[in-house]
Amino acid sequence: MFGYILRRLVSTIPVMFIVALIVFLMLRLTPSDPAAIIAGDNADASQVAMIRQQLGLDKPLFVQLFVWLSSLAHGDLGESFFFKKTVTSLIADRIEPTIALAVFTLVIAVAIAVPLGIFAAMRRGSLLDRIVMGFSVMGFSVPAFVIGYALIYVFAIKLQWLPVQGYSRIADGIEPWARSLVLPSLTLAVIYVALIARMTRTSLLEVLGEDYIRTAYSRGLTPLQVLVRHALPNAAVPIITVIGLGVALLIGGVVVTESVFAIPGIGRLTVDAVLARDYPTIQAIILLFSFVYVMINLIIDVSYTLLDPRIRY
Amino acid sequence: MSERAQTQTFRALAKLRVPAAAKEPAIIIPAVILGIMVLIAILAPWLGTIDPTLLDPTQRNKLPGFVGQIVLPDGSKAPFTFHLGTDALGRDIYSRVLYGTRVSLIIGALVAIFATVFGLAIGMVAGYVRWSDGLIMRFMDGLMAIPPILLAIALVSLSRAGVTAVVFAIAIPEIPRVVRLVRAIVLSIREEPYVEAAVTAGTPTPVLLFRHVLPNCMAPLIVQATFVAASAILVESILSFLGVGIPPEVPSWGNIMAAGRQYFRIFPHNMLYPGICIAVTVLCVNVLGDALRDRLDPKLRKRV
Amino acid sequence: MRFRKFALSATLATIVAGGAAAVAPASAETVLKAVMHSDVKIIDPIWTTAYISRNVGYMIYDTLFALDAKNEVKPQMVDKVDISADKLTYTMTLRDGLLWHDGQPVTSEDCIQSLKRWSAKDSLGQKVFTGFVSEISAPDAKTIVIKLKEPTGLLLFALAKPSSNVPFMMPKRIAETDPGKQISEFIGSGPFVLKKDEWKPGDKIVFTKFDKYKPRPEPASAFAGGKVVKVDRVEWLAIADAQQAINALSAGEIDYMEQPPHDLLPLIKADANLKTFVSSSTGQFTFRPNSLVPPLNNPKIKQALWYAFNQEDFLKATVGNAEYYKVCKSYYPCSTPLSTTAGMDGLLTGNAKKAQELLKEAGYDGTPIVLMASTDLPILTNLGPVAKQLMERAGFKVDMQSMDWQTLVARRNKKDPANAGGWNGFNTAWVGADILNPVLTAYMNAACDKALFGWPCDEKIEKLRTEFMKAPDLAAQKKIAAEAQEEAIAYTTHIPLGEYSQPIAMRKNIDGVIDAAAPVFWNITKK
Amino acid sequence: MGDILVVDRLTVELPPGSDRPYAVEDVSFSVAPGEIVCVVGESGSGKSVSSFTVMGLLPREVKPIAGSIRLEGEELMGASEKRYRELRGSRMAMIFQEPMTALNPVKTIGEQIEEVLKVHTQMSQAERRARVMETIGQVNLPDPDQIVRAFPHQLSGGQRQRAMIAGALALDPALLIADEPTTALDVTTQAQILQLIADLRARRGTGVLFITHDFGVVAEIAHRVVVMQKGKVVEQGLADDVLNRPKHPYTQMLIGAVPSLTPADRKPLDGAPVVLNTRNLRKVYSSGGLFQKKRVVEAVKDVSIDIRRGETVGIVGESGSGKSTVARCVARLIDPTAGEIAIDGADYAKLPERSLRDHRKRMQIVFQDPYRSLNPRRTVAQSMIEAPVNFGMSEAEALSRAGDLLDLVHLPRQSLDRFPHQFSGGQRQRICIARALMPQPEVLIADEAVSALDVSVQAQVLKLFDEIREKFSLALLFITHDLRVAAQICDRIVVMQKGAVVEQGPTKEVFAAPTHPYTQALFAAAPGKTIGVKITA
C-alpha cells in the first residue's frame, strides 16, 4: 500500500512540472509587458527598461524558467511585482476565505446531491427522477453569477436574512462567519450539486443492474437492504471519483463567486493578478490550485482501497 | 470512390429515413429551439433590428417599450420603439441580443469543433501509438490539472482581446477531456475482433484508423461536442463578467450581461434578456446532448 | 505553506440560516467602513498620479501649505512664513510639537529631503524647483530657507499643490529612497496611522487615529485648517462591483461610498437611511491626441476634432443626469478664477460637415485612428464609443481597441507608430484641482519628448507657461492663462469634453464630510 | 408428500415492441422433492423467464398474466411482495450463471452467506457463524475459516459457484432453481458442481429446477426433462424417454445437432506436406514497475505443433491453458517472446509489421463473437473486399469473388449490400468465414469459432468448415474448449494445460486411450457420454 502512495506521489511531480511549464510559457509568450504597467504612468522608457531588468524579465526564457523553478524548489514563491509583498504572504492573507468557501460548498453540495441522486436512481422514471434530472440540467445551464445575483436580491436585499457581500473571518466568531458563507456557497453549490446528483444516479443505476444485486434480491432482502448493503458500497467509488474531478469545476466557480460576493479569496486575487500582469502571483496561484486538484485526486485514488478490496496496491 | 461504391452510398443515403431517434421529444424540442436560435443569428439584420453599435447618449437606460428615435446613416431621424429597452450607452438591447446570438453560437460551435478535432487527433495517436501514450497523457494530465476558468482568463487577457482569443482560451482547457474520451474509445475498439481482422487483412495502420476506428468514435464524440459547446457559451459569459471576455463593441450575450451587471436592481432588462437566451440555449444543447447520448451510445454514460 | 495557521472549526457542517441581523460587536471603538473608487495597490505618493494613492497620502501624510475652500494658499505644517522684499528669499518656521507616527519629531531636514524627492518626479515641482529655486537650506531644526533666482508667485502654490503628486512630508531616512524605487515604509505625520500588518491588498486597508497629531486651531476648510479626527478607525474595503457596494451601503455593511455611479443615484435617493454629498470640486473629461505619430501629428487634422466633438454627448453618455454635469468650454474648471472661453467660439458644436471640410483640406487619407478605450473604470467606459461615433460621423476612420486601464496606462508610454503597438488617442478625466492653471495642467506641457505622453511640441505654449509663473498678480495670470488656452487650442494639446461633479454616498448617521478636491476623512463623525 | 413446485398454464406477457407477444405461454411442469427437473431450450426459448417468474424476480415491464404457481401448496401468483420476500432464500433459492459477477465484490464470502440467516432468522451471531462454517463444509470448500474472510475475487470460478450454492442452501430451502450454473465453468469444474448439486439433492431431498441449453448436462443429471421452444413447452417426460425416443420434431432436431463424444472416422491423409509449424513457441507477459514486485505470467511454454495441407488440427484445453494465445501468435496479432512459426518453411515469428504483409495473405482467422467480428458501419461487401484489395486485386474482381464465396457459404448474393446488424449470429459467422477465404489463404485459424452459437446453428457451421477445408485443401487450426466439437471435426488434437502441450495425436487414438492424467480427467469430466451424433463424414 505504501509503495503505491509513494509511486503516485512521485507521479505527481511530472504532472506539476508540466503545469509549471505551461503556465510559465503561457505568460511569457503572450504579448504583454508587466514592466511598463509597474513603472506607472510617471515613468519614461529608460525607467521601464530598468524595472524590466530588475525583475529579470530581460534574461532569456530558459534562464528565467530555471531561476523560478529553483526558487520554487526552496519553497520561495518570489515577490509580487505589484503588491510589494512576498507571494506567500499575499496568498496566506487570502487563502482562508477560499478554503472556507470551497469546503462549505463541498459539504452542502455532497449533503444535498448524493441523497438526491440516490432517490432519483431508486425511483427511476418517476416524477422525482425527472425533477432531479431537470434540476441537474438547469444547474449546468445558468451562469453562476446570475444565480448569485438572484440569491442576493431575494435573501439579502428583500428578506435581509443574510449579508449582501463580504466575508467575516472565523476569528471574528463562527455565527457571522457561517452567515457570510451561506449565499456564496449556495451559488457555487448549484453547478456542483447538478454534477454530483447526475453522476450518483448514473453510477447507482449501473450498480443496480449488476448480477449480485439480483442475487441479493433472490435472498429475500428488501429494496432498502439491497441499497444499503450492496448497492451503495459498490457505487461509492465512482461517486467519490466525480467529487474529486468536480474540484476543478469548484475552483473555477470560486473565482466567479468571489467576484460577485466581494470575498477576498485567491480566486479574485488571480483575476486581479492577471489584469495587473503580476507573473509571480499568477504562477503561484495556478500552481497551488493545480497542486490541490492533483492531491485531492490522489487522496481519492488511495481511498479506493478502503472501499473496494479488489483494488490492492 | 469507384462508381459502384458511389451508387451504394447514394442508395444507403436514400434509405436514410428519419431515424427513430428523431421522433423522441427530448431531441425534437431542443433541436427546434436551437434551429430558431440559428435562424435568429442568420436573419438578425432583417428582424426589425438596427445597428447594434449605434448609440445615443440622450436615450440611456430606457425601460422596455420606450418609444424614441434613431439617427439613420444619412443623418435623418426616425421614430423607433425599443422593445427591450436601451443599455447604458443608449444602444438597442433587442438588436444587441439578436446580434449577440451570432457571436455566442459561433463561439459555442467553434470551441466545440476546435476542441473535438484536436482532441480526436491527439486521442487517436495516444490510443493507437503505444510509446506516445505515456508522454501525451502526462501532458494532458498537466493541462487538465489547471482549473479551466483560470487558464481561460490568463489566455484571453494576455493576448489581444477578440473572438479568436476567446475561442482558443475556452477550447484549450477542453481538449484534455476529449483526448481522454477518444483514447479510452480507441483502446477498447482496437481490441474489437473486426479491427484484428483488418490487421490480418494487411490493412496499413493509418487506413485502419480512418476506416475502422474513426467511424466508431463519432457517436461519443458528437455527444461530447454538444457538452463542450454548451459549456463554451457559459464560460464566455463568465469571462465577460470577469472583464476579460469579448470587447464590448462586438455584442455577445456575455458582454451585454456584464455591461448590465451594475444596474441589475434598477434596469434589470440589461441582464434579464441575454440571461434568458443563454439559459435557454445552453439548456437545449445540454438536453440534446443527454438525449443523443442515451440514443447513440448507452454505454458511454460511464465514460463521461 | 502556512495552512496550519487557520483552525477550521468542527461546526463547519452546520448551516446557519435565518435569525435577526447580526448583533454588531459592542465595542466603544467607532469604525468607519468606506468603499473607494479603486483598490489601494501603491502608497508611494510620487510613484503614480493615480488618485487612490493621493487619497492614501492625505490620510497618513501632511503638507507644509494647503489650499483652502477658496483655493487660497494657507499654512498647514508651517507656523509662519516671511518673504524678503525682493521676493527672492522665503523663510518658513514649522509649528511646534509636530511628530512622526514613530514618535520622532519633525525636522526641517526631513521636509527638505521630502521636497527634493517630490520635485524629482512632479511636473510642477520640476518647473518651480529646477527653474526658479537657487538654494534650499535648514539653518536650524525648525526653519527652512528657500532662495529663488527670480521671483514667482507659484512657489507657495507648488508647496500647497492639491492633487496628483502632492508634496507630502516624510521622514528624511525614507525620503532618501531613490525616486526610481518605491518606498516600503509608510511613516507620515498625518492625522491617521496606516496599520501595515492589517493591509490585505484586494481586501481592505486600515487606518487608525494618530492621537499625538496636533491639528491647527482654525476650522477645517478644504485641505487647510485643523484636521481633527473624530472616528477611531477607518477601513477602506475593496468591492469591485458598484451595484454590490450600494447593496452593502443600504444593508449597513459599509458607511461611505466615494464614487457611486450616476445611473445608480436613484437607488440611493429611494433609500431613507442614505444621503449624498456633492463636493464643489468638479471633474473634467478630456481627449488626448498623440501629437508625435501620424495622422494626428498634423494640426489641421486635429483641428477637425474640435468640430466633430460636442460636450453634451459625452456628458449624457457618462453622467446622464443633468443635475451632475455642466457644459464648460474652458481648459480650466468653470468655477475657478482663471476659467475663460477664449478661442472656443464655434468649437465643440458637433458640426460634422465643417469637420469633413477641414479633413479634406488637411488631406486626411483615411488611415484609421487607433483609439484606446478602457473597459474596467465605470466613469470612463462610455467615453470611447461616443468619441468613435462622433469621429466616424465627421469622416474619420476609427480602430477602437478595448483594453483594461492597466494596459492603457502601459501602452500610452509607447512612442511607436499607431499600427506598431502605439496609439493615436484616448479619453480620460482630470480632477478640477489638477487643472487650475496652465502650469498645473499637465496636458498643456508642450516640451516635446519631455512632455507627458502625447508629447505636444510648441515653444509658444511653454514660453507662456513660464511667463505665467512670473505673473505678479491675478489679472496678469488671467491674461496669460487666456493666451495659453488660445495657443493650446490652435495646436490642440488636448480637448476638454465637459465638466461633471461626483457625489459621495453615505448613511444618514455620517456627518462632517469636508468639501475638498479629494475625499478626506478628518472631521467626519459617525453617531 | 406432494410436489414441491407446480406450475400450471403459466403465461408471461412481454412489453409492447418485443419480437413476440408472450415470453412464456401456457407452460406447465412440476418438481417433486429430491427430483432434478431440467428445462432445456435454445437462447430466447423462455426457460430463464419461467424460473425468474417462480422467484418473482421479473423486471417491472415483464408481467405474469395467467396461470398458477404453487410452492409447497401455497399459491404464489398474486402473493404480496412481503410474502415473496419471506419465501425467497428460506423456502426457495436460486443460483445463477456468471459466478464472476454474481457475488458482491466488496463483501467477504462469510458475510454474504450469513446474510440470508440474518434476514430470515433470529439466530445469534455465534449460531449464525457456526451455521455458515457448517454450510461451507457441506459444499466441500477447502479450509472454511480462510474462505469466510476471503473476498470473491480471491476465489476461482468453481469455488465461487460453491459459495453461491452455500448461500442458497443455508436455510435448507425446499426448492433450488439453478439458472445455467455451470455454463461459464470449465469442463472439470462443471463436473464437480453437477456432482455437488446431485449429492445435496440426495442428502436434503431438495427439489431442483435446472435450466440449461447443454444436452450433455441434461443427460448427466436430469430425472425429468422439459423442452421449450419460443416460450412453449414442446415436450416433457422422463430423461431416458425424451433423450433416446424424442417424439417432437424440434427435440429430435436439437438432439440430432449435439456432436457425439466418440470421434468421427476421418479420411486418412497420405503424406500431405506440412504447411504450418511452430518450434518451441513461447509467450510471456510481465507486469510491475517502480516499487512493485515484478509478476511474470507464462501464457505459452515451448509449444511445437505442425499442420499438413487439408488437415484439421484442434487445440483443446480449459480457459487459461494458452490455446488462444498460440492462435493469436500464429496470426501474428501478438508478438511471440521466442520460438519459430513457419508457413511453407518460411519463419515469420520475428518479422516487423512491414515485411509481414505477404505472409498475412496466406493465413486468415475467424473469431468467436460474430456480433463483434464485422465493422457495424461498413457493408458486407466493403468488409469482404478489404483483404484482396490490400493484396492488389481490383475491386471489380474482388466483388465477383465475394459473390461466389457467399454462394459457397449458402448466403444470398444481395447480402453484399446489407449491413451486419441485418443478419443473425449464424449468418454473420458464415460471412466471416467467406471473408477469411477471400485472399485464398493456405491456413485458416478458427478461434472458438462456434462456441457463441446455438447448438442447431453450430452443427451447420461445423459442416461448412469441413467442406471448405476439403474444397480448398486448407490447413485448419481449430481452437475449442468443447470436446464434442473437437471429436467431430479434428484429424489430430493437441491437449494443452497451463501453457504447455500435455498430449497430441490422432483424435481417434487420443479419445480412445488418453495417456496423460490431465487428458483422462478432462475426458472423464465431459457430461453425457451416451448422447450425441456424428456430425462430419
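Modeller: In this predicted model, 13 residues of domain 1 of chain A are in contact with 14 residues of domain 2 of chain A. On the side of domain 1 of chain A that touches domain 2 of chain A, helix H1 (2-29) and helix H2 (34-39) of chain A each supply at least two residues, and the largest share, 10 residues, comes from H1(A). Sorted by class, that side of domain 1 of chain A has 10 nonpolar, two polar and one charged residues. As for the bounds, the domain assignment of chain A places domain 1 at 2-73 and domain 2 at 87-312, and the centres of domain 1 and domain 2 of chain A, taken over C-alpha atoms, are separated by 32 Å.

Turning to the helix contact, the axes of helix H7 (residues 144-158) and helix H8 (residues 174-208), both of chain A, come within 9 Å and cross at roughly 145°, and the crossing of H7(A) and H8(A) is right-handed. H7(A) brings Ala144(A), Ile147(A), Gly148(A), Leu151(A), Ile152(A), Phe155(A) and Ala156(A) to the contact, while H8(A) brings Leu183(A), Leu186(A), Thr187(A), Leu188(A), Val190(A) and Ile191(A).

How values were computed. Residues numbered from 1 in each chain as written. Chains lettered and ligands numbered in written order. Predicted model: local features only at pLDDT ≥ 70, side-chain atom pairs only at ≥ 80, totals over all residues. Axes fitted to C-alpha atoms, helices over the stretch in contact; angles between N-to-C directions. Helix = DSSP H or I, 4+ residues; strand = E, 2+ residues; numbered from the N terminus. Left-handed = near helix turned anticlockwise from the far one by under 90°. Contact = placed C-beta atoms within 7 Å. Domains from an automatic or database assignment. Nonpolar A, V, L, I, M, F, W, Y, C, P; charged D, E, K, R; others polar.
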